Amino acid sequence: MQFMKFDNFQYQRPVMKSFEEQYNAYLKDFESATTFEEKDELFDKNNALRQKYSTMYNICHVRHTINTKDKFFEEENNFFDDNNPAVEALTNRFYGLLLSSRFRIDLEKKWGNQLFVIAELSLKTFKPTILEDLKEENKLTSKYIKIKASAEIIFNGEKYTLPTLSPLEISKNRQTRKEASTAKWAFYSKHAKTVEAIFDKQVKLRHNIAKKLAYDNFIQLGYARMIRSDYNAEMVANFRKQVKEFIVPIATELYKKQKKRIGIDNLKFYDEDFRFASGNPKPKGTPDWIVENAGKMYKELSNETGTFFEFMRHNNLMDLVNKEGKATGGYCTYIPDYKSPYIFSNFNGTSGDIDVLTHEAGHAFQVYSSRDIGLSEYNWPTYEACEIHSMSMEFFTWPWMELFFKEDTNKYKFAHLSGAILFLPYGVAVDEFQHFVYENPEASAEDRNQAWLAIEKIYLPHRDNDGNEFLENGGFWQRQSHIFTTPFYYIDYALAQICAFQFWKKDRQNHASAWADYIRLCKAGGSKSFLELVDLANLKSPFEDGCVESIIGDIKTWLDSVDDSSF
Ligand SMILES: [Zn+2]
């Protein structure tokens, strides 16, 4: 089974009637089972049933995104959209039985405590009385997504969407950058009243859902939805404080260097993403050449990654190149019954193509490494932990970047490391903003924009909005879709980045021990909570004073050692 090519993976739509009957029968038997052995066997059967459903869902998802014009998988995709909530409801019932089970201690001994943590938090985020509210929440989210997806921006007589406009926003011609960026913000300004109204409804709705579930406000519920079991809002605030103290000054310095590099006196909002006068570093070859070199890289990095990447290639578990009909973006998913990760992307000739083969491959390597645990809940850890695998792999593969970037290797590394630093202040700003929003559900749209502006001044003090009315009034946050779609999911990237920086530092000091820590982390999959995984990998918790400080000196030294004036 394990060594099958993706092309031969069998897809069959789950028959919901028999799936539900089977599921209910297992639940009933599980409840009445009188011995641990019986319970354990039913537990396994239930897990196998859920993994099979997930297998079909993921095969469908991959085939649908590879060719969105394929009518068959479009239909199948709709089937899962319609039926996934019912499966979630069944899983919640399973969680309820698990938590009150007579042999809970024995089950915990076998599967670990994390399953029970997940079960408990999942149950705390749902009650049948909020079903209509959840539907409403989804509708509001879809409205926001639709506004952005249907954007038609007329620029220099041509029609653009938000993604097609973005290359012009980093044009070498400053006037083009300014006009393209201004056109984008004019779009957001035009829709501001609608977007603010959608968000206002979302905030009030989420606050009410939290109240119905006996929370004080949405913050704790937001954390529970993300299965954050071992940290709270105060700890996250302490992390943001460290970013403000240690990262913001370096980011400000990096923007100063950028000004020099691109030859301007004042860095305006439309200059921020234009980082190099000669453009961003690009891989020097075709997609096939890139994959070939990635194979060499992973073989040399370690036995584990060599075998893994060969498995991915041999079994056609990657669809990398942009083609007609493919969905946008990139992702890594997992197909449990075939124990196979899958990587999807749209190569476009930028350094992002290499990121796919380091970042997404990092995700894939984790799920491949932990594939034998075999429990649905443990396929992946929570998001902040997931991104440690991917962001750290980006650094572990640094010694092979010459293969892809040749004479531009140092420029790539500088862009990568400094880009990661520049992201952190923005990442925590988005997080602080969301805490303000849900602590103050009655705040007006005006209050929210003012709050953003104040936060921007703390974390992004370099920012020059250049008299742009929408930005000067605090509207920037309205472009950040996570705020609307997945509240509180954003700090995860910042937390993981600090952990990945620790691996960057350790790898330079002692590769063998850093790599051993990383492998241990990947093998654990989702069987532990975030801080337990951090501990397992011998990393410092990002919430603890001194953590951010502990990596920043080495990073600054590295960045200062590079002569960026030639980039
Ligand atoms: Zn990722």
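Helix 11 gives the most to the lining of the largest cavity, with 4 residues; helices here are DSSP runs of H or I with at least four residues, numbered from the N terminus. This is a predicted model, in which local features need pLDDT of at least 70 and side-chain atom pairs count only at pLDDT 80 or more, while totals for chains, interfaces and linings use all residues. Residues are numbered from 1 along each chain as its sequence is written, and side-chain values use heavy atoms, with hydrogens and water left out.

**Largest cavity**
- Its lining consists of Ile-250, Glu-253, Leu-254, Lys-257, Lys-556, Leu-559 and Asp-560, where a cavity is a set of points on a 1 Å grid over the protein atoms alone at which a 1.4 Å probe fits but cannot get out, and lining residues have an atom within 4 Å of a point.
- Helix 11 (233-262) and helix 24 (547-561) each supply at least two residues of this lining.
- By class, the lining divides into 3 nonpolar, no polar and 4 charged residues, with Ala, Val, Leu, Ile, Met, Phe, Trp, Tyr, Cys and Pro counted as nonpolar, Asp, Glu, Lys and Arg as charged, and the others, Gly among them, as polar.

**Cysteines**
- The structure holds 0 disulfides, a disulfide being a pair of cysteine sulfur atoms within 2.5 Å.
- The sulfur of Cys-386 lies 9.1 Å from the closest cysteine sulfur, in Cys-332, which is too far for a bond.
- Cys-332 counts as buried at 15% relative accessibility, and Cys-386 likewise counts as buried at 7%, where buried means under 20% relative accessible area with a 1.4 Å probe and protein chains only.

Technical notes
Buried means under 20% relative accessible area, exposed over 50%, partly exposed in between (1.4 Å probe, protein chains only). On a 1 Å grid over the protein atoms alone, a cavity is a set of points where a 1.4 Å probe fits but cannot get out, and a pocket is an open set with protein on both sides within 12 Å along at least five of seven lines; lining residues have an atom within 4 Å of a point.
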